[in-house]
Amino acid sequence: MQLRTPFFLSVGAGIYVSIAGSAFFGSDNRYIGSALFCVALVAICYQGLYLFTGKIGYLANTHDKKSVIDVLLTLLGNGLGTLVCGLAVGYIKPGYRDVAAAMCQSKLMLSLGQAFVAAIFCGILMYTAVEVFKTGKSPLGIFFCVPAFIIAGFEHSIADMFYFFSARMFSGEVAVFLLVVVIGNSVGGMLLPWLKLLAGEKHG
């Protein structure tokens, strides 16, 4: 049961990210689309679902075996949720598949170093959004941090999974790109908690 819980809750989070990504595809205005993307993290936080980019930062404080396994299961579940939804969205909305393909081609034009740094910045913003929610039960951080990472062009591993799956792009190059973004999100998510630890604080 302990292994099943994070996995299934993370599949649900992957579904919400996919819904938000679909809304982004359908928006003619990227500012409106970035605001609509907030629906994913709002729903995830209020329903207690598991999102990799929202959980990875807390490993800086709690990195026992169970916590590490939970985060890995979360990543797996998020990936499954976005895979199923990405294929479904690409099927029912062929136009979205074309939008996703164009987005993904531009992402693959980044060097791996650029993708890594962009993912670090996204990880910082995602940790901030979740931490504001956890400490104050306020979605305010979500409404600012999520549009910020999208408008800035930072890389979010789970959203990127949905984009590539919607475009039906599966290759070694894509796998390496996603791995680099996952690592970058992890570094970014843990950066502020590490700094707090160095300052003598402990959170999470």
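**Phenylalanine 37 and its surroundings**

Visitor: Which residues does phenylalanine 37 touch, not counting residues up to four places away in sequence?
Guide: In this predicted model, phenylalanine 37 touches Val17, Ala20, Gly21, Phe24, Val146, Ile150, Ala159 and Tyr163, with residues up to four places away in sequence not counted.

Visitor: Which residues touch the most other members of the largest nonpolar core?
Guide: Phe37 is one of them, along with Val17, Leu41, Leu51, Val146, Tyr163 and Phe164. That core holds 55 residues.

Visitor: Which helices each supply at least two residues of this core?
Guide: They are helix 1, helix 3, helix 5 (65-92), helix 6 (94-108), helix 7, helix 8, helix 9 (157-166) and helix 10 (172-198).

Visitor: And which helix gives the most?
Guide: Helix 7 does, with 9 residues.

Visitor: Let us turn to helix 8. Which of its residues are buried?
Guide: Gly141, Ile142, Cys145, Val146, Pro147, Phe149 and Ile150 are buried there.

Visitor: What covers the buried residues of helix 8?
Guide: The cover includes helix 1 (4-26), helix 2 (30-36), helix 3 (38-47) and helix 7 (112-136).

Visitor: How far apart are the end C-alpha atoms of helix 8?
Guide: They are 18 Å apart. The helix has 13 residues (140-152), so at 1.5 Å a residue it should span 18 Å, and the two values agree.

Visitor: How many salt bridges does the count give?
Guide: The count comes to 3 salt bridges. In one of them, lysine 66 pairs with aspartate 70, and the closest N and O atoms are 2.8 Å apart.

Visitor: Where do lysine 66 and aspartate 70 lie?
Guide: Both are in helix 5, 4 residues apart, so about one helical turn separates them. In general, an α-helix has 3.6 residues a turn, so residues three or four places apart point the same way. Lysine 66 is partly exposed at 43% relative accessible area, whereas aspartate 70 is buried at 12%.

Visitor: What about the salt bridge between lysine 107 and glutamate 155: what is its N to O distance?
Guide: Their side chains meet at 2.8 Å, N to O. Lysine 107 lies in helix 6 and glutamate 155 in the loop between helix 8 and helix 9, so this pair ties together parts that are 48 residues apart in sequence. Both residues are buried.

Visitor: How close are the N and O atoms of lysine 107 and aspartate 160?
Guide: The closest N and O atoms of that salt bridge are 3.1 Å apart. The pair links distant parts of the chain, with lysine 107 in helix 6 and aspartate 160 in helix 9, 53 residues apart. Aspartate 160 is buried, as is lysine 107.

Visitor: Which residues are joined into one network?
Guide: Lys107, Glu155 and Asp160 are joined through salt bridges that share partners.

Conventions: Residues numbered from 1 in each chain as written. Predicted model: local features only at pLDDT ≥ 70, side-chain atom pairs only at ≥ 80, totals over all residues. Heavy atoms only, no water. Expected span 1.5 Å × (residues − 1). Buried < 20%, exposed > 50% of the residue type's maximum accessible area, 1.4 Å probe, protein only. Contact = heavy atoms within 4.5 Å. Core = buried A, V, L, I, M, F, W, Y, C linked by side-chain atoms within 4.5 Å. Salt bridge = Lys/Arg side-chain N within 4 Å of Asp/Glu carboxyl O.
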